[in-house]
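The paragraphs below walk through the interface of a two-chain model. Please keep the sequence and the coordinates at hand while reading.

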There are 2 protein chains.
Amino acid sequence: MSTLKSSKQRDAVLANLQSRYDHPTAEDIFLAVKEVIPSISLATVYRNLKLLESEGLILKIPTGDSDRFDGHTHGHYHLTCINCRQVIDLDIDPGVNLDSLPRDFDGTVTSHSLMFYGICPDCKSSNKK
Amino acid sequence: MSTLKSSKQRDAVLANLQSRYDHPTAEDIFLAVKEVIPSISLATVYRNLKLLESEGLILKIPTGDSDRFDGHTHGHYHLTCINCRQVIDLDIDPGVNLDSLPRDFDGTVTSHSLMFYGICPDCKSSNKK
DNA sequence: TTTAATAATGATAATTATTATCATTATCAT
DNA sequence: ATGATAATGATAATAATTATCATTATTAAA
């Protein structure tokens with residue numbers, strides 16, 4: 001197989017994701033990294049997001065619309081606001097090892113993702129409903 | 001607002017989803033319902049999937065590629081096979097009320113979805129890795 | 001250090017999934 | 001029956017993502 005070669009574009013994408021705590025789309029990341037490397041192409045962002053995810057360095061969060069990304073891979077959970085569609089971190093401890101929950105199951109569980117849905121604090125306070 | 005009017009296309013989409021235990025894409029459902037209503041259009045399937053989901057009659061499962069759908073809305077969880085990309089049901093009991101996990105959280109949680117990743121029983125037994 | 005091999009890039013075309021449009025048809029309350 | 005309008009099928013449009021391809025950058029070895 002091919003060996004990975006370093007690139008400042010990839011480094012910048014990873015650095016951007018690791019420096020922020022929201023959950024940007026590929027487009028969001030493209031715009032942010034463009035400030036540092038004006039010549040970067042959107043395709044390069046997509047390419048590197050896929051690569052970084054397969055390396056386990058970032059997380060892809062499927063959402064029904066544009067995928068979102070997370071530069072922090074330690075176990076934590078998310079809430080999708082059904083009002084503003086933002087994805088925010090939730091710092092909770094499930095108390096049990098969720099990965100070991102499926103008992104009478106003939107397959108193998110390697111990981112899980114837990115997504116909560118509801119109203120984020122911002123939308124709840126600035127309540128216009 | 002507009003009042004819902006019945007249609008055999010919508011009934012057929014719902015019936016199809018409720019009769020099966022896999023997690024088909026819109027395309028899969030389109031092909032299946034086409035056997036019963038040959039004139040049905042893919043757009044009609046998408047329209048009704050969206051409508052049925054907003055009615056709470058079915059579930060949409062975002063997956064990073066094509067969305068999948070589930071005709072069974074009682075609380076249960078899923079595993080995405082990282083080998084064959086199938087989504088299968090997992091009959092497990094988390095033991096705790098996951099929706100009440102986020103404690104010091106200023107928003108509101110209305111629901112959650114828990115997705116496991118790993119190898120499904122089929123891929124594990126017919127192991128060519 | 002050149003050089004050779006090839007991974008990565010930027011630009012853009014192509015593809016895929018999904019949604020919007022619109023003329024026609026079906027449903028339903030009167 | 002009829003009028004109002006929701007739903008349909010066909011298809012165009014859009015949005016997100018991936019593929020292509022000529023050029024550039026990185027790296028290991030000469």
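Two strands are said to pair if DSSP finds at least two bridges between them, and strands themselves (E, at least two residues), like helices (H or I, at least four), are DSSP runs numbered from the N terminus. In this predicted model, β5(A) pairs with strand β5 (residues 108-119) of chain B in the antiparallel sense, over 11 bridges; within this arrangement, A:T108 stands opposite B:I119 of β5(B).

Around this pairing, the contact (heavy atoms within 4.5 Å) draws 35 residues from chain A and 35 residues from chain B. The area buried between the two chains, that is, the accessible area (1.4 Å probe) lost on putting them together and summed over both, is about 2,700 Å², with carbon and sulfur atoms giving 66% of it. A:L101, A:F116 and A:Y117 supply 18% of what chain A buries against chain B, more than any other three residues.

On the side of chain A that touches chain B, β4 (87-90), β5 (108-119) and α4 (121-125) each supply at least two residues, and the largest share, 12 residues, comes from β5(A). By class, this side of chain A has 20 nonpolar, 9 polar and 6 charged residues, where Ala, Val, Leu, Ile, Met, Phe, Trp, Tyr, Cys and Pro count as nonpolar, Asp, Glu, Lys and Arg as charged, and the others, Gly among them, as polar.

Residues are numbered from 1 along each chain as its sequence is written, and chains are lettered from A in the order in which they are written. Local features need pLDDT of at least 70 and side-chain atom pairs count only at pLDDT 80 or more, whereas totals for chains, interfaces and linings use all residues, and side-chain values use heavy atoms, with hydrogens and water left out.
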